[in-house]
Structure formats: structure tokens, C-alpha cells
Amino acid sequence: MKGRIPMDQYCKSIPGKNVLVIGASEKGTALAEELLSSGAEKVVMADSDMERLRMANERLNGLFPGKVQWVISKADTRERFFWMLNEALSLMDGRIDLLINESGGTMAGTSLTLEREYYAGKTAVVTGAASGIGLALIEELLGCGAEKVVLADYNAKNLEQHAERLSSKFPGRVKGILCNVTVEKDVADMIAAAAEFFGGRIDLLVNNAGAGMAGVFTQPSSSGHAGGGMAALRVQSNEDWEKAFALNFYGALYGCRAVIPIMQKQGGGQVINVISGIAFYPMAYQTMYAATKAALNGLTLSLRTEYWDDNIKFCSATPGTTATAIWPDGKAPETAQTPRQSALRILAGACHNRRVIFGDDADESGSRNCFHPEYGDIVDGYLLKVARERRSGGWVV
């Protein structure tokens with residue numbers, strides 16, 4: 001989920017719930033107190049620091065006698081993470097309704113290691129590769145020892161600049177191909193040219209090309225839209241919708257259609273389709289972006305099992321909140337990660353053949369909550385807050 005949900009939006013769903021809070025810091029303890037004040041049935045605090053746990057337990061049990069238990073454990077390895085979960089389950093009658101990580105790190109049970117040797121000697125095509133995450137993916141693939149790579153992009157100037165720069169560093173291993181992914185013939189020709197450059201084999205295709213889109217679905221209601229960035233938004237026409245699907249959906253579809261026969265012939269391969277966290281948390285005034293990325297996720301996960309027995313791996317990947325040109329006026333949130341950080345998480349997930357790869361912790365957390373039947377009011381409250389803030393002139397995520 002993008003950002004923290006205000007505590008008051010949890011309140012309706014908390015009564016009677018069992019909650020595991022990882023991290024007995026002052027912040028974690030204060031959060032546990034709020035949860036108990038909101039009616040949580042039981043809270044288990046988990047931390048590796050016994051003194052912090054003792055202080056948290058003393059404070060919370062003084063306020064809520066019999067409601068708080070604790071587990072001494074780190075969550076830095078998969079084994080410790082699952083041991084901690086089992087201990088917490090035993091203290092909460094076998095049921096954990098909500099898990100909150102306030103430890104300041106990523107839980108090892110969900111993190112993945114980038115196995116660089118997985119990409120060594122492989123050939124790879126990346127669309128939208130002349131900037132941002134696409135360019136970072138190309139650079140990391142070369143750093144992992146990929147045999148050859150193709151940068152495909154519509155921006156001729158950027159494409160030439162980066163293809164030349166990387167070719168000077170990796171002679172004979174880099175090729176730039178100008179391609180408009182909204183035109184199927186362009187994509188088919190690009191895939192054919194890439195296969196020729198690679199000697200007939202394509203091991204990896206990353207369909208990364210796309211754009212973030214904002215607009216108004218119909219004419220605004222009488223409540224209107226205040227100033228700020230919202231004032232520039234216009235009603236989206238059918239032509240706008242067609243262009244959005246051409247770029248964010250059909251571009252990847254064309255790539256899949258062109259590369260599958262090559263991968264079938266060679267005995268396997270991998271396709272990563274870059275979606276977005278908005279597929280799980282569709283936000284107001286981004287209907288085209290949400291719909292196109294949700295559709296691409298559906299396509300990818302359907303193809304995953306359709307071509308599993310051909311040894312072609314299909315993965316969806318969210319980029320996470322990343323500082324790229326996708327943001328209006330180039331103003332990414334202060335918390336945005338770098339394109340390289342996003343690329344590393346995507347490649348780490350792909351080498352483990354993750355069904356859905358999450359580009360940051362917020363996307364992973366949001367995916368767990370978005371369709372949970374008991375947290376619908378929390379999700380609605382969060383997204384309604386985003387809609388109202390955007391309507392008042394602030395473009396928030």
C-alpha cells in the first residue's frame with residue numbers, strides 16, 4: 001500500500017482481531033496500544049531485543065491486562081520468520097488476523113536474493129529501455145554477465161545515446177532498435193532483429209514500455225475540481241482509451257505473441273510484463289492506467305500456465321514507487337526509490353520465477369490487503385482519502 005493508512009481507518013475492522021506486531025520500538029509499542037484501544041482481542045509483540053520487549057509488555061499489560069504476549073525472535077531469515085509465526089499462532093489460539101512490520105526492515109520470509117549467475121550468458125530484450133527502469137534493467141543485466149542485450153525504445157535520441165554508451169563499455173553485446181510498441185509490425189520486426197543479433201535465441205523479454213495516465217472519466221460533478229494539477233485534467237475520450245490500451249496493454253501482447261514461437265522452438269525462455277501497483281490499488285483520476293495495468297496482469301498470469309509446459313516462464317512485475325519521468329513535471333515522491341533499486345528487485349524476483357514480482361515493500365503489502373474481504377472499509381477509506389486530496393489540488397500517492 002502506498003504510504004501508511006491513518007490509524008483511524010483501521011478502527012472499524014480491529015475489534016475482536018488478533019494482531020502480530022513485529023518490532024517493539026516506541027513506534028511499534030504505540031501502535032499496539034492504539035490497536036488495543038480500538039478493540040483488538042490479542043496482540044503479540046515480536047522483537048529480538050528482550051529489554052525492549054520487557055518494557056513494551058510492562059506498559060501494555062498495565063493498560064490492557066491479559067491482552068498482550070511476546071515472542072523473542074528476529075525475522076531476518078525464512079526459518080526464523082516462520083518460527084516466529086508459529087509461536088505467535090500458539091499464543092493467539094491459532095489465528096492471526098493482521099500482521100504489522102514495524103521492525104524497520106523487510107521480513108526475510110518475503111525478500112529474495114538476486115542470483116546474478118542466472119542471467120550470465122543469456123540474451124535479453126527490454127522495451128522502454130532508453131530511460132528509467134528499462135535502462136536500469138539493461139545495465140544490471142549486462143552487469144550480471146548477459147551475453148547480449150537489445151534496447152528497444154521510441155525515443156530515438158535517448159536510444160542512440162545509451163546504445164552507443166553501453167556499446168563502448170560492452171563491445172559487440174549491445175544493440176539499440178527503434179520501435180513503436182503500439183504498432184504490431186514494429187514489435188514483430190524488432191523481435192526478429194533481436195533474434196538475428198542474438199544468433200537466433202531470445203532468453204528473456206521484458207515488456208517495460210508504458211506510461212502513467214491521468215484524467216477525468218466523465219465531466220466533473222457539481223462539486224468540481226479545485227486548482228493545482230487537477231485543473232489540467234480533461235475528460236478522457238474513446239480515442240484516449242484506445243491509445244492507452246495500445247501502449248500499456250497491446251504493446252506487451254504483441255511482444256508476447258512475437259517471442260513465444262522463438263522460445264518454444266529453443267525449448268524455453270522467460271517474459272516479464274511490467275504492470276503497476278495500481279492494478280491492486282486503483283486510484284481515482286487514473287482509470288486508464290489502472291485498467292490497462294490490471295488487464296496486463298490478467299494476460300500475464302493466464303499465459304503463465306498456458307505456456308508452463310513449454311518451459312516459458314511468465315511473470316508480472318510492479319516497479320514500485322520509483323523516480324522516473326512517469327511523474328508529472330518529474331516530481332516523484334520523496335520516498336521514491338531509484339530505477340536501479342526497482343530493477344534489482346524485478347530481476348531478483350524473476351530469477352526465482354515469482355508469479356508476481358513486487359518492486360517495493362509498499363506494493364507487496366498492498367497486494368495482500370486489496371481484496372481481503374474483512375479490510376474492504378480500510379481500502380475504501382484509504383483510496384477515498386487519495387481521491388479527495390487529489391480533488392482538492394494535491395497529487396498524492
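Q: How many helices and strands does the protein have?
A: There are 11 helices and 11 strands. Keep in mind that this is a predicted model.

Q: And what share of the residues counts as buried?
A: Of the 397 residues, 49% count as buried.

Q: What share of the contacts comes from residues 24 or more positions apart?
A: They make up 72% of the contacts with a separation of 6 or more.

Q: Switching to the open sheet. What's the strand order, and is the pairing parallel or antiparallel?
A: The four strands run β3-β2-β1-β4, and the pairing is parallel.

Q: Which strands stand at the edges?
A: β3 (68-72) and β4 (98-101). Each has a single partner strand, so one side of each has no neighbour in the sheet.

Q: What does the twist average?
A: It averages 20° from one strand to the next.

Q: How many bridges join β1 to β4?
A: Four, with β1 covering residues 18-22. As an example, Val19 has Leu98 in β4 as its bridge partner.

Q: Which strands does helix α1 touch?
A: α1 (residues 26-37) packs on the sheet and touches β1, β2, β3 and β4. Its direction makes about 170° with that of β2.

Q: And α2, where does that lie?
A: α2 lies across β2 and β3. It runs at about 175° to β3.

Q: Let's zoom in on Ala46. Which strand is it in?
A: Ala46 is in β2, which spans residues 42-47.

Q: Buried or exposed?
A: Ala46 is buried, because its relative accessibility is 1% and the cut-off for buried is under 20%.

Q: What does Ala46 touch, leaving out residues up to four places away in sequence?
A: Its contacts are Leu20, Val21, Ile22, Gly23, Ala24, Leu53, Val71 and Met84.

Q: How far is Ala46 from Glu87?
A: The two are 41 residues apart in sequence. In space, they are 9.7 Å apart, C-alpha to C-alpha.

Q: Now Met50. Which helix is that in?
A: Met50 lies in α2, residues 50-63.

Q: Is Met50 buried or exposed?
A: Exposed, because its relative accessible area is 53% and the cut-off for exposed is over 50%.

Q: Which residues make the nonpolar surface patch of about 300 Å²?
A: Met50, Trp70 and Ile72 make that patch.

How values were computed
Residues are numbered from 1 along each chain as its sequence is written. This is a predicted model: local features need pLDDT of at least 70, side-chain atom pairs count only at pLDDT 80 or more; totals for chains, interfaces and linings use all residues. Side-chain values use heavy atoms; hydrogens and water are left out. Patches are made of residues with over 30% relative accessible area and no salt bridge: like charges are joined within 9 Å, nonpolar side chains (Val, Leu, Ile, Met, Phe, Trp, Tyr) within 5 Å. Accessible areas come from the Shrake-Rupley method with a 1.4 Å probe; for residues, only the protein chains shown count as cover. A salt bridge is a side-chain nitrogen of Lys or Arg within 4 Å of a carboxyl oxygen of Asp or Glu. Helices (H or I, at least four residues) and strands (E, at least two) are DSSP runs, numbered from the N terminus. Buried means under 20% relative accessible area, exposed over 50%, partly exposed in between (1.4 Å probe, protein chains only). Contact means heavy atoms within 4.5 Å. Two strands pair if DSSP finds at least two bridges between them. Axes are lines fitted to C-alpha atoms, for helices over the stretch in contact, and angles run from 0 to 180 degrees between N-to-C directions.
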